[in-house]
Amino acid sequence: MSKPASPSDLIGFLQSLPECRKRRGVRYPQWLLLLMAILGILSGCRRARDLERFARRHRVAFNAALGLELRWTPTDSTFLYLLERVDLQSLFAMLRQWMLAQIGWKAPDPAAPAPCGG
């Protein structure tokens, strides 16, 4: 996975990630599936079946918030297919960098003296 641009919003960040699936049979944009997966995991989803239920339960909210017209939602096999093909370690590393950038975190200077408590 190449290093994406770092837009300030999560959707823009996810849209900048390179597509990891084959074009044939793609019904949902990768960024939407990743967004649903991230929000589902943060909401307690632990399996692909949970992600499917999460997407179905929140379809109307996704449509309203994102200006979509989803009539159907991704199935558990759609999430599994995506998660098998995406480089999760790279995705998590880039997502971590994106989150740290949102709060303005900068890596400490290793040459700077360490603060002493006492």
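Author: What follows is a short exchange on a predicted model, on one of its residues and on its pockets.

Reader: Why is glutamine 30 called buried?

Author: The relative accessible area of glutamine 30 is 4%. Buried means under 20%, so glutamine 30, at 4%, is buried.

Reader: Where is glutamine 30 found, and which residues does it touch?

Author: Glutamine 30 belongs to helix α2. Leaving aside residues up to four places away in sequence, glutamine 30 touches Leu17, Pro18, Glu19, Cys20, Arg21 and Leu82. Contact here means heavy atoms within 4.5 Å.

Reader: How large is the largest pocket, and which residues are closest to its centre?

Author: The volume of the largest pocket is about 300 Å³. Its lining has 18 residues, and Ala37, Ile38, Ile41, Phe92 and Leu95 are the closest to the centre. Two or more lining residues come from each of α2 (30-42), α3 (48-57) and α6 (88-102), and α6 gives the largest share, six residues.

Reader: What makes up the lining of the largest pocket by class?

Author: That lining has 16 nonpolar residues, no polar ones and two charged ones. Residues such as Ala, Ile, Phe and Leu count as nonpolar, so Ala37, Ile38, Ile41, Phe92 and Leu95 are nonpolar.

Reader: What is known of the second largest pocket?

Author: The second largest pocket holds about 250 Å³ of space. Of its 16 lining residues, Gly25, Val26, Arg27, Tyr28 and Thr78 are the closest to its centre. Helix α5 (residues 76-85) gives the largest share of this lining, four residues. The lining divides into seven nonpolar, five polar and four charged residues.

Methods. Residues are numbered from 1 along each chain as its sequence is written. This is a predicted model: local features need pLDDT of at least 70, side-chain atom pairs count only at pLDDT 80 or more; totals for chains, interfaces and linings use all residues. Side-chain values use heavy atoms; hydrogens and water are left out. On a 1 Å grid over the protein atoms alone, a cavity is a set of points where a 1.4 Å probe fits but cannot get out, and a pocket is an open set with protein on both sides within 12 Å along at least five of seven lines; lining residues have an atom within 4 Å of a point. Grid points are joined across faces, edges and corners, and a volume is the space filled by probe spheres set on the points. Buried means under 20% relative accessible area, exposed over 50%, partly exposed in between (1.4 Å probe, protein chains only).
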